[in-house]
Structures are given as structure tokens and as C-alpha cells.
Amino acid sequence: MLNQAVGYLAPDYCDRYPTLLQRDAILAVRQERQSKLFAPQVSQYRDAVYSVQDIQSNWFDFSDAVVKVGRSDELSTEQQQRFYQALQAFCPWKKGPFELFGTTIDAEWRSDWKWARILPHIQPLKNRRVADIGCHNGYFMFRMAHQKPEWVIGFEPVAKHFWNFQLIQNIVRQEMLAFELLGVEHIDFYPNFFDTIFCLGILYHHRDPIGLLGKMRQALAPKGEIIIDCQGIPGDLPVALTPRQRYAQARGIWFLPTQSCLENWMIRAGFTQVRCFFAQPLSIEEQRSTAWAKVDSLREFLNSDDFSLTIEGYPAPWRYYAIGRKE
């Protein structure tokens, strides 16, 4: 599948479902994007993964807030030092937390809080085909693996995140997890395929949110469900904020909806039984700098005199989690 060794790769689901997928389109984008993994600008991440390819473990625990892989007493002193250096190469860690061979990684985002909010509202993932769009380093994929889905396919076009995922996947070798260098715009290569689609923290980064929601609906199997986490703004009207340039210092933010606006997007895209089950301001406890993410974070992006505003003067971010179904 890859033109150079990357360590463990899960069996190719394309071989298992040749008639259900737009297989040639998936393989063509795969081929075109694989060169990104071996580009000079990501060599530090690739080299970090290569440096610890000999390290594996049969012990893991994906059932709780911290994704745990390997025990500290499984490694020699030399291996422990080498593994710690590999972990450092991926700083800043944006998603987590992880505990890898006894080293606890407190990431910038408390991704475990998000999963704890979502879990009570979704259908059990056992034996389901799942898409994790914008999967980043795979934190949620590993949490999903605990429920024994048939497949979890992560969509993530950023090469660094592939190598971050691969660092962990090489250790525990989860056959139901597959990482694709695809974006949400490629989700329609999977017509009527997924039982569950997670689109977490992605929608507001795109110019055509309703169009992308329509593509995701095409990829859902009948009776399938979609879970959306979208950054937005407070308000009762079904409107969205379009920042002039940056929003909370972030580039590439196009539309920040109110709750009713997000629900209307989903309904206009054809989803049914749409409901928002979480709506709260994003807190500086959920997104913050840590020892493993020494970056400016939400606190630095808000107005220092009024946390209800960003430093640009826009309403501070809310998070909306919504669920919908395909009839």
C-alpha cells in the first residue's frame, strides 16, 4: 500500500468491499498523497516512528479517559529513553490524553471530555463501520476500538498526524483501524457505507458546510447516524458568523453557526431526527497549554478583560454537538 515501510498496516478494507466503494478513486488519491509522508518537511516525525519500530506491546486499555498503551516495565532503560525522544518529536500534542509505556501525555485538548459527552448519545459501535473525519492522531479511533467496531476509517490529510497515529498503531496493531490521507471532501467515495460518521471539529473550517453534510449523508448507510461537533457562536437566530480574517487567531474559519443554524444545516442536507445534545462555551480548562503542548491556547486568544469575546472582538467560541440520522 505504501512505497516505503511505515511499520504495521491494517488489512486493506478496499479488498474486502470492492463492490461497495469507489475503490479506484480511493486508491488514486492514496497514491497521489503518499509522497507527502516521505517529504523532507515531515522527516522528524517519520524518523521518530522508525526509531522505535522494534517496540511493541500486547497490553493496552482504551476503555477510560486516558488511552493507555504498554507498561513502563516492558522497556529497557535504553528503549525507554529512545521512546521518550520519539514522543517529544511530536510536540505539541494537540489531542489526548495518552499514557504510553508509563509516560503521561497531557495534550492541549481534553479530548476525553468530548468523548464522555458524546458516548451516552450514540448507537453502540460494535460491528459497525465507522468514519472518524479529521481523526488527527487517532485518539478517538482508539477510544472507538474499545467497542469492537468492524472498521474505523480515519480521514486526515496531514502527514504529521499520520505518523503520530502510526507511532501508536505500530505498538498495538489494531486491525480494525485504518488511516487514510483523505479529507472530508472524499467521503462520497464511500456511498451508503458507514453506519456511524463522526465529524468532530471540522465543519467550520470549510466554505460549503451544507454541501459537505450532503456528501456525508451519501456515505451513511440507511438508518446510519452522524455526530457533529461544531464550533459556533451564541444566539437564538439561525445565523452564522463569517470572520473577516482570523477568529481567535485561527486561520481558515469560514462559518461559525448558532445552535439553530447548525441544526438547520443538517436538516437542509437531508438528515432527520436532528437534535443538539450539548451546547456550552468552550472553556480555558478544555483547551489550554501544557508541558506537552507549549503553545498559546484559548486563554491567549480571548480578550483578556472579557472572556466572552475573542481578541478580535467576536463572540467567544461555543461548542455544539448534534446528532442526526439517514432514513
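1. Tyr 17 counts as buried because its relative accessibility is 7%, where buried means under 20% relative accessible area, exposed over 50% and partly exposed in between, with a 1.4 Å probe and protein chains only. Tyr 17 lies in the loop between α1 (13–16) and α2 (23–33). Helices (H or I, at least four residues) and strands (E, at least two) are DSSP runs, numbered from the N terminus. Not counting residues up to four places away in sequence, Tyr 17 touches Arg 129, Glu 150, Trp 151 and Phe 193; contact means heavy atoms within 4.5 Å. Tyr 17 and Phe 193 are 176 residues apart in sequence, yet 9.5 Å apart in space, C-alpha to C-alpha.

2. On the basis of the description: this is a predicted model, in which local features need pLDDT of at least 70 and side-chain atom pairs count only at pLDDT 80 or more, while totals for chains, interfaces and linings use all residues. Residues are numbered from 1 along each chain as its sequence is written, and side-chain values use heavy atoms, with hydrogens and water left out.

3. Aromatic rings come next. Rings of Phe, Tyr and Trp (its six-membered ring) pair if their centres lie within 6.5 Å; planes under 30 degrees apart count as stacked, over 60 as edge-to-face and the rest as tilted. By this rule the count comes to 29 aromatic pairs. One of them joins Phe 193 and Phe 194 edge-to-face, at 5.1 Å centre to centre and 85° between the planes. Phe 193 is buried, with a relative accessible area of 1%, and Phe 194 is buried with a value of 0%. Tyr 247 and Tyr 314 form a tilted pair, at 6.0 Å centre to centre and 35° between the planes. This pair links distant parts of the chain, 67 residues apart: Tyr 247 is in the loop between β12 (240–241) and β13 (256–257), and Tyr 314 is in the loop between β16 (306–310) and β17 (318–325). Both tyrosines, Tyr 247 and Tyr 314, are buried.

4. The nonpolar cores deserve attention. Such a core is a set of buried Ala, Val, Leu, Ile, Met, Phe, Trp, Tyr and Cys residues joined through side-chain atoms within 4.5 Å. The largest has 57 residues, of which Trp 93, Trp 163 and Phe 198 touch the most other members. Helix α7 (residues 159–172) gives the largest share of this core, 8 residues. A second, separate core of 49 residues includes Ala 131, Ala 269, Phe 271 and Tyr 320.

5. Helix α9 (residues 259–268) has Ser 260, Cys 261, Leu 262, Glu 263, Trp 265 and Met 266 among its buried residues. The buried residues of α9 pack against α8 (209–219), β11 (220–232), β12, β13, β14 (272–281) and β17. Just after α9, Gly 270 takes a positive phi of about 105°.

6. Arg 117 belongs to helix α5 (residues 111–118). Is this residue buried or exposed? Arg 117 is buried, because its relative accessible area is 19%. Beyond residues up to four places away in sequence, Arg 117 touches Phe 277, Phe 278, Glu 286 and Tyr 321.
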